[in-house]
Amino acid sequence: MQVLITHGTVARTRVLHLSRWQIVAAVAALVVVLLGVSGSVYHFVFLKAAREGWPVVAPLVRLIVRDEIEQRERFMRHNLDAIAQRVGEMQAKLVKLETMGERVAGLAGLKADELKALPAAGPGGSAPAATPAARGGPFVPAPRPSLVQLQGAVERLGETTDWQTDLFTWFESRLQENRLAALMVPSQAPVDVPVGSGFGFRPDPFNGRPALHSGLDFPAEPGTPIVAAAGGMVVAREWHPAYGHLLEIDHGNGLVTRYAHAQKLDVELGALVRRGQRVASVGSSGRSTGPHLHFEVLVDGVPQDPARFLAGGRGRAPADFAARVTPATRVRR
């Protein structure tokens, strides 16, 4: 490409030879210069006019960038709505955690009022002082988090809340298993009267010869209520020549309680009973010299001293049997 440059009719003509790449470079440089000038004009003139409200320029600038402003506002509203929804979900999870904490505290033997009465611990792990210490120093404001940082913090808090919920659920499950295992141990006296005859060898009341007494005798008036020493299922309800009206309750883990010489049986075969539920009434049926309850505890069919179980009280079993009833053991019904 040639460019002719002249200054007049008698002046010498100059000729410039431009290649294709030189033209491309010149055009590119011109575009860069125009972009820089337009950007400077936009930044220093139009933005300033929009911020300061110049009479003519400001409305034009707002009209041009209106779509961009509306898009940014929609984006902000969408993110704020999402954050508000996450905060609402976390509030619901915190309420669930509080309720679960009260249930776990109840299983652990603590009252909700006792937990609320505990002083709140500060960052150092102790309760805050009643009178704050002297403080001072220059004011250095903390930087405000960006929207992305705020969303990240909300997500991390949500993950922590989910983990705490799972942890509380696991704690509650283990405590419930321990409580269930304790409820299956016959630690409640079937009749609220003193023991008349204990477990062990004694003279037989009919022939006077030494014989093993395989349970406890509770002398009581006929018709006195007999309650289940622990929760379980009725596996025997029958008449026995020696035991008279007989009731057996299976508590799982090879543990069975036996209630003999009853006047009347109040539960049916296969019924599920709970601790303290009335199951029979005191009588003198079978091989008996008078109205009383003969109470036995059998582990894998072997008679045990019921006094060792009843002495535990409040759901505690003897040490040798407690070792068998672990949280991992499933209670057989």
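Predicted model: local features only at pLDDT ≥ 70, side-chain atom pairs only at ≥ 80, totals over all residues.

Visitor: Is V31 buried, partly exposed or exposed?

Guide: The class follows from the relative accessible area: under 20% is buried, over 50% is exposed, and the range in between is partly exposed. V31 has a relative accessibility of 42%, so it counts as partly exposed.

Visitor: Which residues form a nonpolar patch on the surface with V31?

Guide: A patch is built from residues with over 30% relative accessible area and no salt bridge, and nonpolar side chains are joined within 5 Å. Here V27, V31 and L35 form such a patch, and together they have about 270 Å² of accessible area.

Visitor: Let us turn to charged pairs. How many salt bridges does the structure hold?

Guide: The criterion is a side-chain nitrogen of Lys or Arg within 4 Å of a carboxyl oxygen of Asp or Glu. The structure holds 5 salt bridges. One of them joins the side chains of R287 and D204, with an N to O distance of 3.0 Å. This pair links distant parts of the chain, 83 residues apart: R287 is in the loop between β11 (278–282) and β12, and D204 is in the loop between β3 (200–203) and β4.

Visitor: Why do R287 and D204 fall into their accessibility classes?

Guide: R287 has a relative accessible area of 41%, and therefore is partly exposed. D204 is at 13% relative accessibility, so it counts as buried.

Visitor: Where does E248 find its salt-bridge partner R258, and in which strands do the two lie?

Guide: The closest N and O atoms of E248 and R258 are 2.8 Å apart. E248 belongs to strand β8 (residues 244–252) and R258 to strand β9 (residues 255–265), and the pair is 10 residues apart. Both E248 and R258 are buried.

Visitor: What can be said of the salt bridge between D266 and R278?

Guide: The side chains of D266 and R278 meet at 3.1 Å, N to O. D266 is in the loop between β9 and β10 (272–273), whereas R278 is in strand β11, 12 residues away. D266 has 30% relative accessibility, so it counts as partly exposed. R278, at 42%, counts as partly exposed too.

Visitor: How should I read residues that are separated in sequence?

Guide: One sets the sequence separation beside the C-alpha distance. E172 and A105 are 67 residues apart in sequence, and their C-alpha atoms are 9.1 Å apart in space. E172 lies in helix α5 (residues 147–183) and, at 16% relative accessibility, counts as buried. In a second case, N79 and V148 are 69 residues apart along the chain, with a C-alpha separation of 9.5 Å. N79 has its place in helix α3 (residues 66–107), and its relative accessible area of 8% makes it buried.

Visitor: Finally, how much space lies in the largest pocket, and which residues are the closest to its centre?

Guide: The largest pocket holds about 430 Å³ of space. Its lining has 23 residues, and those closest to the centre are R202, H213, H261, R287 and H294. The elements that give two or more residues to this lining are β4 (210–213), β5 (216–219) and β12 (292–299). By class, the lining has 8 nonpolar, 10 polar and 5 charged residues.

Notes
Residues numbered from 1 in each chain as written. Heavy atoms only, no water. 1 Å grid on protein atoms, 1.4 Å probe; cavity = no way out; pocket = protein on both sides within 12 Å on 5 of 7 lines; lining within 4 Å. Points joined across faces, edges and corners; volume = space filled by probe spheres on them. Helix = DSSP H or I, 4+ residues; strand = E, 2+ residues; numbered from the N terminus. Nonpolar A, V, L, I, M, F, W, Y, C, P; charged D, E, K, R; others polar. Patch = residues over 30% accessible without salt bridge, like charges linked within 9 Å, V, L, I, M, F, W, Y side chains within 5 Å. Areas by Shrake-Rupley, 256 points an atom, 1.4 Å probe, with all protein chains shown as cover. Buried < 20%, exposed > 50% of the residue type's maximum accessible area, 1.4 Å probe, protein only.
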